[in-house]
Structures are given as structure tokens and as C-alpha cells.
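Dear colleague,

Please find below the structure that I am handing over to you. My notes on it follow directly after it.

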There are 2 protein chains.
Amino acid sequence: MSFHDSAHLVMERCDILARYSEEANCLTRRFATQAMHSANDMFATWLSAAGMNVHYDAIGNVIGRYEALQPGAKTLLLGSHLDTVQNAGRYDGILGVMVALVCVERLHARGERLPFAIEVMAFADEEGLRYHSAYIGSSAMTGTFDPALLHLTDINGVTMADAIQAYGGNPDPKQLSTSRWQSTDLLGYCEVHIEQGPVLEARNLPVAVVSGIAGQARIKLSFTGELGHAGTVPMLLRKDALCAAAEFVIAVEALARSQPGLVATVGQIDVQRAASNVIPGHVALSLDIRHQNDAIREQAQQILYEQARRIQDQRQLVLDWQLTQENHTVSCNPRLIHTFEQAIEATGNPVLTLSSGAGHDAVVMSKLTDVAMLFVRCAGGISHNPAEAVLEEDVSVAIAVLEHFITDLARK
Amino acid sequence: MSFHDSAHLVMERCDILARYSEEANCLTRRFATQAMHSANDMFATWLSAAGMNVHYDAIGNVIGRYEALQPGAKTLLLGSHLDTVQNAGRYDGILGVMVALVCVERLHARGERLPFAIEVMAFADEEGLRYHSAYIGSSAMTGTFDPALLHLTDINGVTMADAIQAYGGNPDPKQLSTSRWQSTDLLGYCEVHIEQGPVLEARNLPVAVVSGIAGQARIKLSFTGELGHAGTVPMLLRKDALCAAAEFVIAVEALARSQPGLVATVGQIDVQRAASNVIPGHVALSLDIRHQNDAIREQAQQILYEQARRIQDQRQLVLDWQLTQENHTVSCNPRLIHTFEQAIEATGNPVLTLSSGAGHDAVVMSKLTDVAMLFVRCAGGISHNPAEAVLEEDVSVAIAVLEHFITDLARK
């Protein structure tokens, strides 16, 4: 089977899985729902047909094992997630699982066994849509699942424990927080994923190897000034919280533009008691800062905090600044990165290395084993949207790269 | 009776009227409601006791007439409105009516008649809370009422026509759009009102004479860029609509600060599909611009439009700009202003002239006759809020000024 035919199969399977949705007119597939169950069962059928033994773990991850030449060999983990956001695209997560599946399917078709086993895994939850807690699947896989999460309730009041039970899993806290692996048994975890950004498109390249997953800080801040009548308070007597917020938004953009690799975003801005004829008295903002170098990100946080303080002082307002989330950078394994680079070269494509600004299952898997990722170009960098799209020829390249990668590892 | 005692009476009456509310725990008094009816009846009692003939017009304005020395004399109109916003203060509008009432009451107590008649009027609607159409009372008074408004419905589906009928008025379009006055019969309309701004407090002055009511433009604008993932789109590939909006907010503030008397406000800002990890793709803003000189205001509009265009072009976004409302400046009558200035001097206070940034009944009354206004200091410039407050001694000054004003007019 040509890489082209395999890519066509992957595209078809992404289309098929997109039909398993909780909503009639769009793709929404949350953790432990009937839609998830149906998608998993479809996937399990494909795993079996590709010569793999299928296993559902306690939280609902689906795992297909392709045995090594000999018992006792190490295992290479490949995968991504099958859950989606609300009104999702059909490739985020799913593409990576399908590319891993088809690579094993190609080995199986050739009757080829490797000096290591391969497990293809589809995580039951990465997006965290149902319980607002991401990475549920990979945390159970790595033994880092927090049993306190079992008490969380979804929008209908169903606890996570009940959802797991109803789904056919086992909400036993001990089982969920124990890894089925020792690190020493593993060769690593590799994940193919759409880029979710515009860089590959801008560079006109099909794939890139990922250097690491950028650390991230989320901050909630607000400026409090004084509400006032838009017609009667002279400019110099105003304490306009929106003008302060605007100054901060510009400062965030200017700093991020000045520092290579830094991204900083104000995505939310809310004016309390907003009206066209009222001077804003209180404005709340979100701030998201990411960089692959934690020290640079932390320095940026500090600079922006000082800028916000300066704005507060100059405008005689009150600043509130709350760090609500902080994740450190996860570095991909240099040996696995190098193997991916060689595999990309082998397909005749230039090698581009990117940092991932988005989080992925690989973040959690890095607690258990070495990780690596391959990004695939997606149209306009769009994701989390029905408009998500990939080119079949790019998928073909991704399959070829992953096959070269696996073959290379087998040689080493 | 001393000015101090008269001021005390005014404060007590404002307290009494604040009890007539549609809501138990706050002051809300909309057009043609039971609360408005009760407040009007209380006011009518006071008018009668002050020697005035009381008349309710077809739309529910209450008018007390204090006859002149001789029949056929001209008439001076004094007044403001008795309706309120939701969760209102007790002085906006009401104070001006009570000060006018007490001035006539003082004439009556002295048995004094003037070479002109005085009418004290309480408008039934200035705020426009019930039908989202302001100045209903004064437009009926001046014959500028638009009969199409009679078909508007309130939040309960009651048409304005039905509300006027139920209230005891007469929703006859012809009657509502005919003025009971010829301009030649009038000396002018004078309105005492709280400043609703902080200038008098900043200058430590009790009152100011108003030069005019500033013209105003309202604009709705938006920037459309591209939604994106906050972690994956590099700064230089972004089309962040919120950064564009922030740049515009700062440009608005900078322009208004650079031009004496200009006020410009962005009071509303809405990010479509806002999330902390999503680059804003579409942001809508309100813009309110006011200046006492229409040419300066129009020039400011043009400059800000060009700034928005520049931001659009530099950032490769799409700007939408809609002028939704435009009112020209209403100038107060120089002769009446001068009489107010002399009256303020007579009370031993420095004369300050202010432009009114807020709209008032005087805007509509200017279509019928010369207008003038006297502003009274209010605490913190706060209005449209239960915290609205005035000092009894400032009210005392306002009464003295209005009495001097009336006496002066009588001498001329």
C-alpha cells in the first residue's frame, strides 16, 4: 500500500469518526459519553484488523498492542486523543491516532515484527470539556490521576465516578492512579498532531518536529477606577479603567513582539456595568503567556506585572493581579527529536523545528517516559473549529515520516 | 423665611418624593406609572399651597401657574423632570423642580406679584426609561412630540398610548404635538439641575451657570481580524482585533485630552467568542464624543475615524464604523446667562461658566424659547445612582441665585 493510499484511508477514518457526535449538526464528543463509546468501538475494530490486541483501561482509554519479535522487549507508545471540544474539527487529536494506527497496519500487512512492541493509544479525554479538567486519559495512563477529580460533576450533575462506571470503566481510585508501566519498559511516547498554528503554512512545509511544549501562565487581572457620566466628567478628572486596560493590552503585545518565541494574549475583557454613556469604572482581563524557555516566560510575567503596576500608579487606579495557572515547559527528548529529523530528511522535506504553544497529551506522558511530537500543517492554522482541515498529501508525508522513525528506531 | 429654611424644605421634599417608587428597595419612577402619579399629586398639592393654579397637560406634565401683576404679561418657565432612571438618586431633575417651587412659594409668602407670570413645570419623562425615548414630557410641551412614539411598547407590552390613557392623560396625537405657547408669549425657560460631574467639587464652588448643552455623537464601531489559538499563532502572524481596539481606545483618550472641552468615551467593548486562550477575532466598541462647539466635535469625529482607518490598514483588519446618533449643541441665551452671572455675584460667590455634557429638558425647550441653566454641585459628580448627594447649603445658594435672577428679570 502506497503512503498515498494510507493517507486516503486516514482521511476516510477521520470522516467516519466525525459522525460519532453528541450533537446532530456538529462534532462534540465529550469524555465517557455514548458518542465516545461508539468512536472507541469503531477504533477498536480497526486495531484488531491491524493485528493488535485491544484493551480498554479503567478510565476508558483504548489501547492496541502490536507485539515485538520477542517477548520481554521494550514498548514504543504512539497516540493522541479521540475526545473533542464543542463544535470541533475532525483532526485535533484524531489525526495522530489514525496515523499511528495506519503505520502499524502497514507493518502488519508486510508481516513485519520489530525488536520492540508498539502500543497505539487513544486517550479518552484530553480537552477536558465535560469536567473542565484536561488530560484525564493520559493522567490515568501515567498514574498521575488525582482521585479527587472523581467527585467533579458535569453540567447535568453526573459525577466523574458515575460517568466512568456507566461507560464500562472502573472508578477505583487506586487503579486509576497506578501506571501500568515502568519507565524502564518504554522506548518513549510519540504523538502526531495538527499544528493548530500558521507557521507550517507560512513556510509552505507539510510537517515539523516539535522541540518542546511551551510553559504557560494564566493571569486574571483587573483595574478599578471610577464610574462616571461620559458627558460631564472632564478627561483630566477621569479614572477610566478601560483606558488603563487598553494601555495594558498594548504593552502585552509590544513585549511579546519584542521577544522571539514569546506569545502573550489578552483574550477576555469585561467592563462592569458597561454603557455607551458611562466611563468604565472596573475592567477585568485575562492574560495568557507562553514561551518554551520558562525563565524567559517568568521574566515576561514580571515585566508585565510591573507595567500593570505602573499603569495603576500613573492613573491612580487599583490593580488586582492573580496568577491562576502555571505549567512549566516540557522538552521533547533530543534522541527522539533527532530520529524524527532524520525521518523528515528521508522523505525529502526540509527539517523545521517548532515549539508547541498548545498543550498535548505528551505533556502528561512526559512524566512517565521520553516524548516526541510531529506537527502536521493545517489550513490557516485553524483548530477547535469545524473549518479545521489538513491536506491528504501532508498526511501522506506524516505517515512516511512516522514509518521512517519507527524503522530507524528498530535499526538502532 | 431664610434661604437656609427654604433649602431645608427643598431637601425634605426631595426625601418625600423619593418614597414614590415602583420598587421597594430603591427609587425607580418611570413615565406614566402609579409611582409617577403619586409623586405628581404630592407636587400638585405643594403648587396649590404656594398660590399657583395647577394644570396637568395631555401627556402628564404638571404645571403650576403664578399669575403676573397684570393680565396679558409674558411668562417665565421654570422646571425640570420628576421621572428617574432605574435605582436612581433623589436629586437628578427633582431638585430643579423643588427649587423653582420654593422660589414661587417665597414670592407668594411675601404677597409679591411680578410684571410676568411664572409657570413651574415638572416634566413627566426626561430619562426615557420606560419607552427608551427621552424627553417625552418636554417634547409634548413644545409641540415637537412625534405621534409615532405612541405605538412604542414597554417591557410589559403596554403601548405608550395606553399608558397615557390609563394615567389620565389624553393620547390624542394632535393635542400632543401642539404647543400651548407661542414663543412671543415667553421670557424663557430656566432649569436648575445637579451638575452630574465633578468640576464644581474640584473648584470648591456651590453653583455654576451653563453656557450650553454640548452636542453629541454616538458611534458603533468594530474591528474584525482573525480568531486564533493563543499558544500557537506567533505574534507577527496575528490579526488581533482586541489589540486594534485597545490602540483605538488610547487614541480616543489622547485626542480628547489634547482638546479643551472635548470629552470622548469608549464605554462598551465586546469580544466575540472570548476565551482566555483564544486570540480575539472580532471586537465591537461604542464611542461617545461631546463638545460645546459642533465644529470641534465634528472634527474630532473625523480625526478618530481616520485613526481607526489607520489602525485597520496597519493591522490588516476590517473596520466597521456607524454613526448612530448626532445632536447639535444647544446654546443658552446670553442675556439669561448674564442675568444668572449677576445673580451669582449677588450671593457673593465667584462666577463659573460650564458647558453641560449631559442632555437636559432645556435641549427640547430651546426649540420653543430661550433657555438657561444653573448647575448645583453634587458629591463626587455622582448621578444616576442612590449615592447622588447635594449639600443643603449649596441648595440654599441655588435658591438665592434663582430668586436674584427672577428679581433682576422683573427689574429689567
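A polar contact is a pair of N or O atoms within 3.5 Å; within protein, one atom must be able to donate a hydrogen and the other to accept it, and residues adjacent in sequence count only if both atoms are side-chain atoms. The model is predicted, so local features need pLDDT of at least 70 and side-chain atom pairs count only at pLDDT 80 or more, while totals for chains, interfaces and linings use all residues. Residues are numbered from 1 along each chain as its sequence is written, chains are lettered from A and ligands numbered from 1 in the order in which they are written, and side-chain values use heavy atoms, with hydrogens and water left out.

Domains of chain A

Three residue pairs are in polar contact between domain 1 and domain 2 of chain A, both residues being at pLDDT 80 or more. Domain 1 covers 3–214 + 330–411 and domain 2 covers 215–327; such bounds come from an automatic or database domain assignment. The C-alpha centres of these two domains of chain A are 37 Å apart. Domain 1 of chain A gives seven residues to the contact and domain 2 of chain A gives five, where contact means heavy atoms within 4.5 Å. About 350 Å² is buried between them, with 48% from carbon and sulfur atoms; buried area is the accessible area (1.4 Å probe) that two parts lose on being put together, summed over both. A:A214, A:S355 and A:G357 supply 85% of what domain 1 of chain A buries there, more than any other three residues.

Chain B against chain A

Each chain contributes to this contact: 52 residues from chain B and 52 residues from chain A. The two chains bury about 4200 Å² between them, 62% of it on carbon and sulfur atoms. B:T232, B:M235 and B:S276 account for 14% of the area that chain B buries against chain A, more than any other three residues. Two salt bridges are counted between the chains, a salt bridge being a side-chain nitrogen of Lys or Arg within 4 Å of a carboxyl oxygen of Asp or Glu. One of them joins the side chains of B:R315 and A:E253 (2.7 Å, N to O). There are also 11 residue pairs in polar contact between chain B and chain A, both residues at pLDDT 80 or more.

A residue in chain B

B:V330 is buried, with a relative accessible area of 11%; buried means under 20% (1.4 Å probe, protein chains only). B:V330 touches B:G212, B:I213, B:A362, B:V363, B:S366 and B:V371, not counting residues up to four places away in sequence.

Yours sincerely

Conventions: Buried < 20%, exposed > 50% of the residue type's maximum accessible area, 1.4 Å probe, protein only.
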